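The account follows the sequence and model shown here.

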Amino acid sequence: MRWTRALDRKVVYRFESGLEIRLHNLLAGIGLMLVALILAALAVETGATSTGMTDLLQNIFGSGLSDDQAYALWTVRLPRLLMAFLAGWCVAISGAILQSIARNPLADPGLFGLSQGSMTTILLLMVLAPAAPKILVAGAAMAGGLCVALLLIWLVGGERSSGLAIMLMGIAMETVLSSTNTLMLLYTPSEVSMGLSQWLAGSLFQSSWSLIATFLPAFGLSFAGIFLWGRALSTYDLGNEMAMALGEPLGRSRPLILIFAVFLNAAAVTAVGPLTFLGVLAPHIAGFLSPASGRARLLLSGLVGGILVIGADTVARRLAGDLPLPIGLSLTIIGVPLFILALRLQALSRKHKH
Amino acid sequence: MRKAVPVFLAAMLILLCGFVANLSFGAGVWQFDAFFRAITQFDPTSYEQSVIVYQRMPRAMIAIYAGAMTAVSGMVLQGLIANPLAAPSTLGINAGAAFFVVAGALFFNLGLFAQGAAALAGGVCGFLTCFLVARLAGRVNDPRGLSLILSGALTSMFFAGLTSALLLADPGLRTQFLGWVSGNINHVYFERLGAFWWLGILCLTVLLAIVRPMTLIQLGPEKATSAGVNVRLIYVVALTATVIATASAVAVCGPIGFVGLVVPHMVRPLTGNHFARALPVSALFGASICLIADLIAREAFQPYVLHTGPLLDLLGGLLFVVIVKRFYLSNSVRAST
């Protein structure tokens with residue numbers, strides 16, 4: 001257990017077991033957590049009732065709050081905040097994994113239509129069996145996402161196709177699925193359809209402690225997945241041949257990892273609806289802050305994802321006031337310019353290489 | 001091509017059938033009798049006849065106008081930009097126009113005519129944004145215009161997101177525009193058609209007047225120049241006319257998605273690439289498709305009345321998948337890149 005330098009002269013902390021943590025990743029992780037806390041404090045203070053972090057801390061240490069302050073904090077803002085972070089975490093990790101196994105830096109569960117696929121099956125379930133239990137809904141979301149993923153793999157056929165073409169195919173499938181969703185929405189009863197259309201746009205309004213409780217298993221599993229497959233993903237980044245040469249059983253691990261990515265995204269879709277662009281933005285920003293691979297990359301991406309969702313939600317609530325802007329919408333509005341920027345940077349770096 | 005005339009006549013016939021079917025089928029029954037009487041000797045006291053004249057007729061007119069304009073625009077765009085996925089909906093024109101109309105109605109309380117102007121400005125803005133983004137994000141070797149379509153999709157998403165945000169901001173506006181934004185053919189928009197139809201006719205005339213140079217440009221700018229075509233001028237005129245035609249259709253009934261993408265692919269095998277033959281036929285086909293889609297949307301899912309937009313999006317999205325598969329993901333492409 002000691003501080004040493006890695007091959008690229010970066011400071012690294014090695015454990016006895018061979019696990020190593022790079023200093024700049026560690027610092028970035030701590031920094032991101034701090035940012036998340038600051039944003040959380042801001043988010044807790046945003047709203048009609050005037051209360052905030054200090055009230056919350058006092059409340060925890062015994063002093064009382066007025067009823068509406070307690071309601072605003074404990075029933076509205078905190079669940080929303082936590083839900084935002086958890087959903088962002090899962091979608092960002094799902095995006096990072098997809099980027100590695102598709103070897104496409106633009107992969108995103110929303111842009112590839114996985115989220116829309118999940119929603120299609122959820123809607124189908126609601127039309128056919130409106131009283132279905134929650135677990136079945138989650139299963140439907142999972143199945144839908146997986147179907148779209150397999151369809152996409154079948155359609156693009158092999159991994160030699162260029163990244164942009166796969167992207168276009170994903171967008172095409174997303175168009176088909178989202179218009180199917182719009183049509184299916186008509187078959188649901190009108191009081192359900194109002195709530196559904198809000199959820200279709202991706203919203204945090206329905207956050208509650210019970211929703212978070214149902215979401216926590218997915219969050220826990222995300223850590224298990226990161227530690228199981230995080231190292232494998234860094235070999236995927238090097239290309240299939242290289243990964244095989246490094247002893248990665250591609251045929252076995254790739255389907256499992258894909259299912260894991262779809263599962264994380266499906267869980268987020270079930271809870272808050274689709275968060276498009278997050279899966280591509282968060283890993284890029286994380287990589288920009290602190291280049292990493294494997295587990296560190298996934299963890300940092302997850303942190304950035306959570307921060308982005310909290311930030312987008314807080315900014316939307318501050319700017320828009322009473323306007324109930326769904327989080328999916330504000331992410332799209334923020335995400336498109338950033339995504340174009342990412343494309344631009346990519347094009348520039350290519351030009352330099354040539 | 002000798003079969004041009006039969007194709008044209010067949011397209012006319014399809015349009016006529018679509019028109020008659022659209023007007024006379026309603027509430028699950030054919031009402032030919034009422035339809036012919038409504039045309040020959042209209043009796044305002046008859047319920048059936050007044051439904052046909054005051055509700056279905058305006059709908060059919062709007063469908064014909066929107067379909068024809070969007071299809072012709074798609075044809076011209078695909079030909080001039082030389083990209084099989086180019087269409088008003090994929091290049092951000094529709095989304096831009098819709099955003100400007102909603103923003104104008106919200107912030108400046110625009111009247112009907114001003115909304116038309118806003119749609120024009122928005123269409124141009126969306127189109128230019130798309131090109132700007134494509135240039136910003138452009139790849140070094142991008143012979144098939146992939147990044148143009150991608151940036152069109154991004155631009156559309158962005159404008160659509162802004163439009164939804166604006167609609168959420170104002171409940172009154174939302175109820176007024178919600179159907180319109182998803183692309184809806186409805187008789188209540190008839191006064192909009194009355195305000196804007198001349199724009200489309202004007203653009204169509206302009207486009208028909210320059211079919212020859214436009215066809216030459218399809219062979220490549222150099223060849224067209226050597227054939228005596230002022231390429232730059234024709235580009236500007238043709239693209240302006242296209243954007244205006246599309247924007248006027250959007251101003252009438254909202255963004256009717258993928259007609260502009262689908263129709264050219266149906267028409268081209270029948271007529272070839274010459275615009276003089278392809279443009280009229282695609283106008284007729286576009287109108288027929290919109291009429292039929294309107295009929296399906298109205299009757300197929302009784303008692304629900306669908307919006308025509310999502311239905312056409314579904315159709316167009318499927319075709320989008322096929323084109324991407326065949327054009328961008330075929331083996332020959334992979335070998336060359």
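## Helix α11 of chain A

Helix α11 (residues 278-289) of chain A has 12 residues, which at 1.5 Å a residue should span 16 Å; its end C-alpha atoms are 16 Å apart, in agreement with that value. The expected span is 1.5 Å times one less than the number of residues. Helices here are DSSP runs (H or I, at least four residues), numbered from the N terminus. The buried residues of α11(A) are Leu278(A), Gly279(A), Val280(A), Leu281(A), Ala282(A), Pro283(A), His284(A) and Ala286(A). A residue is buried if 20 or more other C-beta atoms lie within 10 Å of its own, exposed if 12 or fewer, and partly exposed in between, with C-beta atoms placed from the backbone.

## Basis of the model

The model is predicted: local features need pLDDT of at least 70, side-chain atom pairs count only at pLDDT 80 or more, and totals for chains, interfaces and linings use all residues. Residues are numbered from 1 along each chain as its sequence is written, while chains are lettered from A and ligands numbered from 1 in the order in which they are written.

## Helices packed with α10 of chain A

Two packed helices are described by the angle between their axes and the distance between the axes. Helix α3 (residues 67-102) of chain A and helix α10 (residues 250-272) of chain A pack at an angle of about 150 degrees, their axes being 9 Å apart. That angle makes α3(A) roughly antiparallel to α10(A). Angles under 35 degrees count as roughly parallel, over 145 as roughly antiparallel, 65 to 115 as roughly perpendicular and the rest as oblique. Axes are lines fitted to C-alpha atoms, for helices over the stretch in contact, and angles run from 0 to 180 degrees between N-to-C directions. Residues of α3(A) that meet α10(A) include Met83(A), Ala87(A) and Cys90(A), and those of α10(A) include Arg254(A), Ile257(A) and Leu258(A). Contact requires C-beta atoms, placed from the backbone, to lie within 7 Å.

Helix α4 (residues 114-128) of chain A also packs with α10(A): the axes come within 9 Å and cross at roughly 55 degrees. The two helices α4(A) and α10(A) are therefore oblique to each other. On the α4(A) side, Leu114(A), Ser115(A), Ser118(A), Met119(A) and Ile122(A) meet Val262(A), Asn265(A), Ala266(A), Val269(A) and Thr270(A) in α10(A).

## Loop residues of chain A

Phe277(A) lies in the loop between α10 and α11 of chain A. Although Phe277(A) is not a glycine, it has a positive phi of about 75 degrees. Phe277(A) is buried, with 25 other C-beta atoms within 10 Å.

Ser66(A) is found in the loop between α2 (53-60) and α3 of chain A. Ser66(A) is exposed, with 11 other C-beta atoms within 10 Å. Its C-alpha atom is separated by 29 Å from that of Ile327(A), 261 residues apart along the chain.

## Loop residues of chain B

In chain B, Ala82(B) is placed in the loop between α3 (47-81) and α4 (93-107). Ala82(B) has a positive phi of about 60 degrees although it is not a glycine, and with 14 C-beta neighbours inside 10 Å it counts as partly exposed.

Gly272(B) occupies the loop between α12 (259-271) and α13 (275-299) of chain B. Gly272(B) is partly exposed, with 16 other C-beta atoms within 10 Å. Gly272(B) and Ala4(B) are 268 residues apart in sequence, and their C-alpha atoms are 8.9 Å apart in space.

How values were computed:
Contact = placed C-beta atoms within 7 Å.
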